[in-house]
Amino acid sequence: MAGLGFEETELRLGLPGGGGNDAGEAARSSGKRGFADTIDLKLKLQPASAAPAASSDDDGVEEEEKEAVAAAAVTPAGDGKMKSQSSVVTAQAQPDPDKPRAPKAQAVGWPPVRSFRKNVLAVKSEKVSLVKVSMDGAPYLRKIDLAMYKTYQDLSMALHNMFGSSKIKDENNDDEMVHTYEDKDGDWMLVGDVPWEMFVESCKRLRMMKGSEAIGLAPRAMEKRKTRS
Amino acid sequence: MSEEDDDQPPAAKRPRASPPPDQVLDNVLETVLQFLDSARDRCAASLVCRSWHRAESATRVSVSVRNLLAASPARVARRFPNARHILLKGRPRFADFNLLPPGWAGADFRPWAAAVASSAFPALASFSLKRITVTDHDLHLLSRSLPSSFRDLHLLLCDGFSSAGLASIASHCRGLRVLDVVDCEINDDDDDAVVDWVAAFPPGPTDLESLSFECYARPVSFAALEALVARSPRLTRLGVNEHVSLGQLRRLMAHTPRLTHLGTGAFRLGDGPEDVGLDVEQMASAFASAARNSTLVSLSGFREFEPEYLPAIAAVSVNLTTLDFSYCPVTPDQFIPFVGQCHNLETLYVLDSVRDEGLQATARTCKKLQVLHVLPLNAHEDADELVTEVGLTAIAEGCRELRSTLFFCQSMTNAAVIAVSQNCIDLKVFRLCIMGRHQPDHVTGEPMDEGFGAIVRNCSKLTRLSTSGRLTDRAFEYIGKYAKSLRTLSVAFAGDSDLALQHILQGCSKLEKLEIRDCPFGDAGLLSGLHHFYNMRFLWMSGCNLTLQGCKEVALILPRLVVELINSHPENEKTDAVDILYMYRSLEGPREDVPPFVKIL
């Protein structure tokens, strides 16, 4: 858990005292772990104040971080030199020092970037789930990216925007569009029955068919048509 | 002199003096004071004597309650009955980074909605709310009881409401001119309950001048949006969300030839009919039309941008004064040719994906730049280093009119920060976030003390500072000694001892807001500020070494402070150590609606 001031207090194989000042920190200032971390032990200090000793029952990085930070906070580190402190190796010492290094443990709310900004990278790398969409009576098929939507409501709105208020819809009140999809098994299902994530996984193509043709899916289809907007 | 309204005593209710000369004086005073705009001047005027206080209170038009907990709506209404513009700020800023446990409940709009409903502010024209929890019920109540003078609603970093609340406002606030919903967290989790609030605006021409919903996470009905925009002839600022495609944007722009501010939405092709066959040239000509009027000066959005369409905005680049690319991971190759034309840019928000080369290009061209935010593409301590001291130095040397900067990086050098301090002497806001905690100068290995010391020494107008990196007590000695105009200070993972906090509290005489996290500061440091706390809006200290005793002592000595101890880990039996201290002055005393993890001393 380097980066919390622990670099001043970590156990190292090297000259005691001398190598632990700012020059030593500079060597690892790129933030990448150095030699000391290959030892791969997590050290927790006995804090000097009333805070309880780090328990080995802690789970969750946040909890650990908070305690560790409190522990680091009481470390007298005025001159920046490495001190040998009594350290407690916790039960959470990683068992395999040869494992590829895990990313540095994060502190809560650090770096101070608001959560809605944190997804910029994530959005770009999201998988795309393109499916063909056909609407009975429309001459062309369209393609839609299911990964862009989070719920059935969103999909419904998008389909409405895409196909607009077409003639087919206005013609006949009885003949509203029913949204169906073909799943992995090749069966035609009614959209909306399964949880959204499951739907995105299994949907191969979408078809908006006239209600009157959805006999095979009725009576549920007819029932649903009445209760849905 | 603080610009707060909340530290002034409420107006004493006295009957007007009966002899005519006094009455004439009051009338004259009111007439004259109406010309006084600045909040600080008004505060000063109100302290002269009782009749000035009365006159000033009667004529105060803009009221700012920058800590919601400092003054109740009833008190504000009693003193400023003619308030037209009300600004309210709620949660402390560190709540944005999840440091404040949910359920803290100190930022509820409810009492204000109730006050408006009982006609407390008959002349109200605008509400600006920041970091406040506003429920649908509040918006429902508000929309039905706001006076007809009401025009503008700004919600920034607010939460608690959903599309239903927005629909209430849209449908019931006749004459609404501004509806700006910015960076808010909107509860639209319940599928069945999502309301098409855009369609809720009544038919017929609207008075809308500004409509912004870039943060709204759900798709809106494009037909309704286009129709709304088409019937809003006064619309000059439009910010759409990420579900509006390029083709749809083009349609909207055709209806709004005099736009000044545009939030571009997804900036990529969508699946709808509006996008069929859309190419770069067509988009470019849409922006060229906007450029011809020379009105479009601000662009934002680009939430899922497709780089091949970026050239479409080239036509307006020379007119731009504000560009927000903070959701747009442009590479240097994409960014540099574009920024090379932005000679008039004054405000720029970018991601560090532009790299040092992008910053260098900015420095070469944007000589009028005043505000620069460089945000991290990947907000982690282990992330790749995309911008360095090279970029910061280039900016310092090229953009000498810089007033405000927020800069995220993995590591930094003192030399670069010193360069900023020497070149940008008008700097008012300097926020450097070295994401690696305790990172020293990566070239010299020294702490970042000298860099921040140079900033406070050379930039005498500095009002806001955020520190980062490895800092010893010396850095804070500099801050206390030189940062005499500083009003806001943010410190994280820094300092060695209580001395640092002492330097701050005893040196920074204008300090109003202090937020500290994870520093080795204890009771002694806290108590060194007793002389100053009444002059501050708030103090936040989390992850430090405070104890119950120290905080109790403060509460005892300063009764008009509300001292909240917030425990974000209630499962831990921490008897004496304080997790979070949030302390603020208030005219109302301790609040009543405290959750179990909050203790008010």
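Analyst: Happy to. Let's start with the surroundings of one residue: apart from neighbours within four places in sequence, V330(B) is in contact with F305(B), L310(B), F325(B), F335(B), S353(B) and V354(B). Please keep in mind that this is a predicted model.

User: What makes those residues count as contacts of V330(B)?

Analyst: A contact requires heavy atoms within 4.5 Å. F305(B), L310(B), F325(B), F335(B), S353(B) and V354(B) are in contact with V330(B) on that basis. V330(B) itself sits in the loop between β10 (322-324) and α12 (332-339) of chain B.

User: Why is V330(B) called buried?

Analyst: The cut-off for buried is under 20% relative accessible area. V330(B) has 0%, so it is buried. As for another position in the chain, Q439(B) is 109 residues from V330(B) in sequence, and their C-alpha atoms are 27 Å apart.

User: How do you know whether S212(B) is buried or exposed?

Analyst: The same cut-off applies: buried means under 20% and exposed over 50%. S212(B) has a relative accessible area of 13%, so it counts as buried. S212(B) belongs to strand β6 (residues 210-212) of chain B. Beyond four places in sequence, S212(B) touches L179(B), D180(B), V181(B), V182(B) and G239(B).

User: And what makes A315(B) partly exposed?

Analyst: Partly exposed is the range between the buried limit of 20% and the exposed limit of 50%. A315(B) has 34% relative accessibility, so it counts as partly exposed. You will find A315(B) in helix α11 (residues 314-317) of chain B. Its contacts, leaving aside neighbours within four places in sequence, are F287(B), A288(B) and A291(B). D352(B) lies 37 residues from A315(B) along the chain, with 25 Å between the two C-alpha atoms.

User: Let's turn to helix pairs. Why are α14(B) and α15(B) called roughly parallel?

Analyst: Angles under 35 degrees count as roughly parallel. The axes of α14 (residues 389-398) and α15 (residues 414-423) of chain B cross at roughly 10 degrees and come within 8 Å, so the two helices are roughly parallel to each other. On the α14(B) side, the contact uses E389(B), L392(B), T393(B), A396(B) and E397(B). On the α15(B) side, it uses A416(B), A419(B), V420(B) and N423(B).

User: How do the residues of that contact divide by type?

Analyst: There are 5 nonpolar, 2 polar and 2 charged residues in the contact of α14(B) with α15(B).

User: How do you know how α16(B) and α17(B) run relative to each other?

Analyst: The test is again an angle under 35 degrees. Helix α16 (residues 449-458) and helix α17 (residues 473-482) of chain B pack at about 5 degrees, with their axes 8 Å apart, so this pair is also roughly parallel. From α16(B), the contact involves D449(B), E450(B), G453(B), V456(B) and R457(B). From α17(B), it involves R474(B), A475(B), Y478(B), I479(B) and Y482(B). These residues divide into 5 nonpolar, 1 polar and 4 charged.

User: What makes α16(B) a mostly covered helix?

Analyst: Of its 10 residues, 7 are buried. They are D449(B), G451(B), F452(B), G453(B), A454(B), I455(B) and V456(B). The buried residues of α16(B) pack against α15, β14 (429-434), β15 (464-466) and α17 of chain B.

User: Why does the radius of gyration of chain B agree with a compact globule?

Analyst: For 601 residues, a compact globule would have a radius of gyration near 25 Å; chain B has 25 Å, so the two agree. Its C-alpha atoms fill a box of roughly 70 × 70 × 55 Å along the principal axes, and 60% of its residues count as buried. Chain B contains 20 helices and 21 strands.

User: What does the annotation say about chain B?

Analyst: An unreviewed UniProt entry carries the annotation "domain: Transport inhibitor response" for residues 81-126 of chain B. In the model, that span is 17% helix and 13% strand, and its end C-alpha atoms lie 14 Å apart.

User: How much of chain A is buried?

Analyst: Buried residues make up 42% of the 229 residues in chain A, and its secondary structure comes to 8 helices and 7 strands.

Notes: Residues are numbered from 1 along each chain as its sequence is written. Chains are lettered from A and ligands numbered from 1 in the order in which they are written. This is a predicted model: local features need pLDDT of at least 70, side-chain atom pairs count only at pLDDT 80 or more; totals for chains, interfaces and linings use all residues. Side-chain values use heavy atoms; hydrogens and water are left out. Axes are lines fitted to C-alpha atoms, for helices over the stretch in contact, and angles run from 0 to 180 degrees between N-to-C directions. Helices (H or I, at least four residues) and strands (E, at least two) are DSSP runs, numbered from the N terminus. Angles under 35 degrees count as roughly parallel, over 145 as roughly antiparallel, 65 to 115 as roughly perpendicular and the rest as oblique. Ala, Val, Leu, Ile, Met, Phe, Trp, Tyr, Cys and Pro count as nonpolar, Asp, Glu, Lys and Arg as charged, and the others, Gly among them, as polar. UniProt positions are given in the numbering used here, feature names are shortened, and annotations may be inferred rather than shown by experiment. The radius of gyration is taken over C-alpha atoms; the globule rule is 2.2 Å times the number of residues to the power 0.38. Buried means under 20% relative accessible area, exposed over 50%, partly exposed in between (1.4 Å probe, protein chains only).
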